[in-house]
Amino acid sequence: MLILYHEGSAYIMDLRCPHMGFPLSKGSVEDGLLTCDWHHARFELEHGDTLDIWADDVQTFPTEVRDGAVYVDPDPEPDVPPETHWRNRLADGLAENLSLVTAKSVLHLDALGEGFTTPVETAVDFGTTYRADGWGSGLTTLGAMANIYDEVAHDEKVRAMYVGVTEVADNCSGEPPRFDQYALTNDDLSKERLKEWFRETCEVRDSNGAERCLRAAANVLDRDDLVEMLVAAGTDHLYMNTSHTLDFVNKAVETLDHVGWEKRENVLASTVDAITDASRAEETSSWRKPIDVAELCFDAHEDLDDMVAAGAGKEWDRPDDFVETLLAEDPHVIDEALRDAVAAGATTGQLAHAVAVAATRRVAHFSTSNEFSDWNTVHHTFSYANAVENLAARTDADDVYRACWDGAMSVYLDRFLNQPEAPLPDPGEGADTDPAELRERLLDTFDEQGRVDEAAEIVGHYLDSGGDVAALKQTMGEGLLREDAGFHTLQNVEAGFRQHELARDEEERRLALIAPTRYMAAHFPTRREGEQTFRIAERLMQGEKIHEGED
């Protein structure tokens, strides 16, 4: 405790500055304020309130002077319960984009048993309110981190929440708030009418009108119908916003599974701008020349009803060479294969999964002789295809077929990034290796740039050795969450985990883990600034002296 006597009164407070633990006894007192001499946080003496939101309030202890002696209550009743205090501090961290505050809040909420629900719900409410452009990379990252929460070890669970919350704060920082539109008041509008209006308003980039339609739909339609509306508008044009539109829609829907569908109106409304303001692939030269793959997609859209009718009542078994066909050098061959599949009874889920496997192959075989930025190109296709497959599981609407064509043509356009095709370890090569040692070696590869093929080899050998996949995912999560991983890297690993879950044979499961491992190895190491901030918060919580450095 720190005992102060100032202007005729005695004050007692915690010795440690709540910001970073510096001894307040080394501070200075003037005009009723105690100033910490390390980062100059200022505290009111009576109640410990800070003038600096990044510092937090300091704990004070009630005092009473009797016959010249100072008596202190060493265990005063807190003004608010700890759970409430740290929820409020989490909101402060989001509002002011203070990563140390969010790290402290997430750690304390975890210790109080609110380590998942409170961070996710608080960040979703904040992100859908305080970003005029609505759903973006921050909320998508939060959704991805919520998805991998159960796949990683406890320490990484807390880090995942920290990463998700800080990305929302950063994505909203400096942005104007979002002003919601009102839902249409007619509750008797049919799904068909609302879907028609929603698509028309999105087509002409009328975000206000589209939002009113979607809010009305959120109040009267079932979940699968809402997903159908969003997919329809999100596929009226091709590969919108370079994959991000459907990816954002999918993550918004997945995030509702975590926070509850009672939040559907605000969450889904926040995705409108991702549709109305999105770029459209058919307006780009790569989709038009030298082969007009955009026209192939639009022709397929027009013929889709006939294809679906031809496939009614049929059951499609994916041919062994179907994924190889999707990787063909001729887009007409790919288009024909997709058309034949639908006419043979292929469901949207079956077709979407095949496209996702082909997209996974592109990442797994990415040649490092390409420009580094081209990793993003294969990633976008992979992330898009993963989103389409997950949306296909939520609606049986034929609109999902259109997204399959988009994904397949993007796989085609990425073909040059597999030239030469990066080799992968052959199954069975590492059967005699120790799984625990391989996990350590994998983390080591992330400490040095360029060990992409080695990382893939380690994962292949690990799977050959019969190593526990859950432990491998935990190791990958550890490697991911200690880094300042970028948006795409976080997406890539989450999508890889999901594709592993959806895989239908051992080869697919193998690819689903090797692909994100290569992507991680290509992008690591980073400066790990976020990890340093998290470790500071962790050490403060444990009572360590940050100002004296680490041993």
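## Salt bridges

Arg539 and Glu544 form a salt bridge through their side chains, at 2.7 Å from N to O; a salt bridge here is a side-chain nitrogen of Lys or Arg within 4 Å of a carboxyl oxygen of Asp or Glu. Arg539 is buried, with 6% relative accessibility, while Glu544 is partly exposed at 29% (buried is under 20% relative accessible area, exposed over 50%, partly exposed in between, with a 1.4 Å probe and protein chains only). Salt bridges with shared partners also join Lys191, Lys195, Arg199, Asp225, Glu228, Asp236, Asp399 and Arg402 into one network.

The count of salt bridges is 45. One of them pairs Lys263 with Asp125 at 3.1 Å, N to O. This pair links distant parts of the chain, 138 residues apart: Lys263 lies in the loop between α9 (244-259) and α10 (264-269), and Asp125 in helix α3. Lys263 is partly exposed at 23%, and Asp125 is partly exposed at 36%. Arg482 and Glu483 also meet in a salt bridge, at 3.8 Å from N to O, and both residues are buried.

## Basis of the model

The model is predicted: local features need pLDDT of at least 70 and side-chain atom pairs count only at pLDDT 80 or more, whereas totals for chains, interfaces and linings use all residues. Residues are numbered from 1 along each chain as its sequence is written, and side-chain values use heavy atoms, leaving out hydrogens and water.

## Helix packing

Helix α4 (residues 137-148) packs on helix α5 (residues 154-172) at an angle of about 170°, with the axes 7 Å apart. The two are therefore roughly antiparallel (over 145 degrees; roughly parallel is under 35 degrees). By class, their contact has 9 nonpolar, 5 polar and 1 charged residues. Contact means heavy atoms within 4.5 Å. Among the residues that meet are Leu139, Leu142 and Met145 in α4 and Met161, Val165 and Val168 in α5.

Helix α3 (residues 117-127) also approaches α5, with axes within 10 Å and crossing at roughly 10°, so α3 and α5 are roughly parallel. Here Pro119, Val120, Ala123, Phe126 and Gly127 in α3 meet Met161, Val165, Val168 and Cys172 in α5. This contact divides into 8 nonpolar, 1 polar and no charged residues.

## Nonpolar cores

The largest nonpolar core has 154 residues, and those with the most contacts inside it include Met145, Phe322 and Trp405. Such a core is a set of buried Ala, Val, Leu, Ile, Met, Phe, Trp, Tyr and Cys residues joined through side-chain atoms within 4.5 Å. A second, separate core of 14 residues includes Met13, Leu24, Cys36 and Ala55.

Methods
Axes fitted to C-alpha atoms, helices over the stretch in contact; angles between N-to-C directions. Helix = DSSP H or I, 4+ residues; strand = E, 2+ residues; numbered from the N terminus. Parallel < 35°, antiparallel > 145°, perpendicular 65-115°, else oblique. Nonpolar A, V, L, I, M, F, W, Y, C, P; charged D, E, K, R; others polar.
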